[in-house]
Each structure stands twice: as C-alpha cells, then as structure tokens.
Amino acid sequence: MTLRKNEILLTTPTLLWLAVFFVIPSFAMLLISFRPANVYGGVEDGWTLDAWRALADPDYPIILWRTTWLSLVTTAVCLALALPIAFFLGKLQGKWRGILLMLVIVPFWTNFVIRVAAWRILLHPEGMLRQALLGLGVIGPDTLLLYNEGAVLMVMVYTHLPFAVLPLYAAAERFDYSLLEAARDLGASGFRSVMRVFVPGVSRGLLTAMALVLIPALGSYVIPDLVGGPSDEMIGNKIAQRTLGDRNLPQAATLSVALLAITMIPILVVFLINRKEHANQP
C-alpha cells in the first residue's frame with residue numbers, strides 16, 4: 001500500500017504537467033477546429049465542419065506528403081550518420097571522448113534561428129559555399145543551392161543530427177564492446193558483427209533517436225521558411241500562415257490536429273515495441 005502511494009505521489013506532478021500543457025490544449029484545439037471562423041481572427045458560436053472540409057483542397061495532400069517524406073528521410077540520414085559517431089564515441093576513453101561529445105553539444109549553445117539563417121547565408125547565390133563549388137566546377141552557373149527541397153533536407157539533417165547522436169551515444173556507452181571481438185572470433189566480419197551485435201545492443205537508443213528526430217522534423221517551420229521556396233512548404237508553414245496571415249484559427253487548429261495525429265504514429269510505434277520487449281523479458 002505504501003509503495004502504491006509513493007508511485008502515485010511520484011507520477012502526479014508529471015501527469016498534471018501533461019494534462020495542463022498537452023492534453024487540455026490539444027482538446028481545446030480539437031474543439032476550435034469545429035468552430036466557425038470570424039473576420040477578426042477569432043471563432044464564432046456554433047459548430048461546423050467547414051475547416052475539415054477545407055482539407056479536401058488538393059494542395060493539402062501534397063504538403064502532407066512533402067512533410068512526411070522530408071521528415072522520414074531526415075530521420076533515416078540522421079540515424080545513418082549518428083550510428084557510427086555513437087559507435088566511436090562509445091569506444092573512446094579519456095579526454096577525447098569529452099572533447100568530441102562537446103562538439104556535438106556546441107550547436108545547442110547557439111540560437112536555432114541563427115543557425116538556420118547562417119545556412120541561408122552559406123547557400124545564398126553569392127554565398128561562400130556556392131561560390132567555392134562554382135569555382136571548383138562542381139556545380140554550374142545555373143545551379144541554386146537555396147530555395148529548394150535539397151536545401152531544406154540538408155539543413156534539417158544538420159539541425160536534428162545531435163538529437164540522434166546523444167541517445168545513441170548513451171546506449172553505446174553502456175554497450176559491452178567485447179561482444180564484437182567475440183563475434184569476430186566466431187568468423188563474423190567487422191561490418192557484420194556491428195550490424196548483428198552492436199545495432200541490436202543499442203536498439204533502445206535507436207528507437208529514442210528515431211522519435212527525437214522524427215517528431216520535431218514533422219513540425220518544422222523555420223527551416224522551410226528560411227531556406228525553402230514557395231513549393232517547399234511543410235504543414236508547419238501552413239499552420240503559421242492560417243494563424244498569422246489569414247487569421248483563420250479553425251483552419252489552423254484543423255491542420256494542427258492532423259499534424260498531431262501524424263506525430264503520434266512514431267510515438268505509438270516506439271511504445272508498442274518497448275512494450276513487446278518488456279513482455280518478452282523473463
């Protein structure tokens with residue numbers, strides 16, 4: 001009975017936090033999506049499905065698809081880059097581990113918008129990076145590095161990579177690297193031993209990294225706004241446009257609910273996988 005009471009006391013602050021800052025606002029947003037909009041940027045009395053019917057606009061499926069595939073590719077690239085980084089960080093000892101780990105954390109010390117704006121300057125037609133590539137003959141005079149999906153994807157990978165490295169490093173730090181030596185003694189190649197031993201050994205870190213990258217990537221707004229073009233909008237840009245430009249709160253709420261539903265999918269996947277692992281444990 002005492003143990004149960006302690007559990008309740010420990011979880012109550014977290015549950016209250018989630019209720020006040022997540023559940024209640026999400027429910028309010030859902031209700032607003034069924035309200036009629038007024039010309040002053042608020043909502044009228046009554047109920048309507050107009051905001052939901054507006055999702056039949058042919059532009060929305062395209063934007064939802066662009067948001068989904070850019071986020072999925074960003075997650076895949078970040079995991080592919082973070083896995084070897086975490087592998088070597090986990091093996092390192094002494095000051096070098098701390099130095100390299102600090103280099104991963106350093107970007108968090110700079111404002112997010114400033115980092116994205118710096119990429120805008122680098123990728124600008126007159127920017128340092130494009131001029132260097134042009135001088136080396138890598139790109140042609142008509143090639144633009146800015147205002148396209150490639151620029152959006154590259155900056156998204158840059159900004160989200162630390163979110164993949166840190167949880168994978170935490171898992172790699174606890175991994176027993178002698179298992180890799182044992183696998184090689186049994187005839188496995190270096191790559192095979194990593195894929196069959198190391199990757200399953202850090203699977204929880206891999207799932208955490210996937211969620212930490214995919215979820216914020218789905219809601220990206222600043223990156224496509226600063227380095228993307230008019231045809232590179234993501235759903236976050238449309239929500240901002242409906243809220244600030246059109247002053248249509250029900251439409252913005254509807255898009256937000258749709259984004260929330262998409263965002264919940266990776267969370268549910270990670271939850272079900274972890275639940276299955278716990279169920280299989282003796």
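Biologist: Is Arg-97 buried or exposed?
Modeller: In this predicted model, Arg-97 has a relative accessible area of 14%. Buried means under 20%, so Arg-97 counts as buried.

Biologist: Which residue meets Arg-97 in a salt bridge?
Modeller: The pair links distant parts of the chain, with Arg-97 in helix H4 and its partner in helix H7, 76 residues apart. The side chains meet at 3.2 Å, N to O, and the partner of Arg-97 is Glu-173.

Biologist: How many residues apart are Arg-66 and Glu-149?
Modeller: Their side chains form a salt bridge at 3.3 Å, N to O. Arg-66 is buried at 11% relative accessibility, whereas Glu-149 is partly exposed at 27%. Arg-66 lies in helix H3 and Glu-149 in helix H7, and the two are apart by 83 residues.

Biologist: Which element gives the largest share of the largest nonpolar core?
Modeller: This core has 41 residues, and Phe-198, Val-202 and Val-227 have the most contacts inside it. Among the elements that give two or more residues to the core are H3, H7 and H9. The largest share is 13 residues, and it comes from H7.

Biologist: Which side chain does a polar contact of 2.9 Å join to that of Arg-242?
Modeller: Arg-242 is found in helix H12 and counts as buried, at 13% relative accessibility. Leaving aside neighbours within four places in sequence, its contacts include Asn-248, Gln-251 and Leu-255. The polar contact joins Arg-242 to the side chain of Tyr-60.

Notes
Residues are numbered from 1 along each chain as its sequence is written. This is a predicted model: local features need pLDDT of at least 70, side-chain atom pairs count only at pLDDT 80 or more; totals for chains, interfaces and linings use all residues. Side-chain values use heavy atoms; hydrogens and water are left out. A nonpolar core is a set of buried Ala, Val, Leu, Ile, Met, Phe, Trp, Tyr and Cys residues joined through side-chain atoms within 4.5 Å. Buried means under 20% relative accessible area, exposed over 50%, partly exposed in between (1.4 Å probe, protein chains only). Helices (H or I, at least four residues) and strands (E, at least two) are DSSP runs, numbered from the N terminus. A polar contact is a pair of N or O atoms within 3.5 Å; within protein, one must be able to donate a hydrogen and the other to accept it, and residues adjacent in sequence count only if both atoms are side-chain atoms. Contact means heavy atoms within 4.5 Å. A salt bridge is a side-chain nitrogen of Lys or Arg within 4 Å of a carboxyl oxygen of Asp or Glu.
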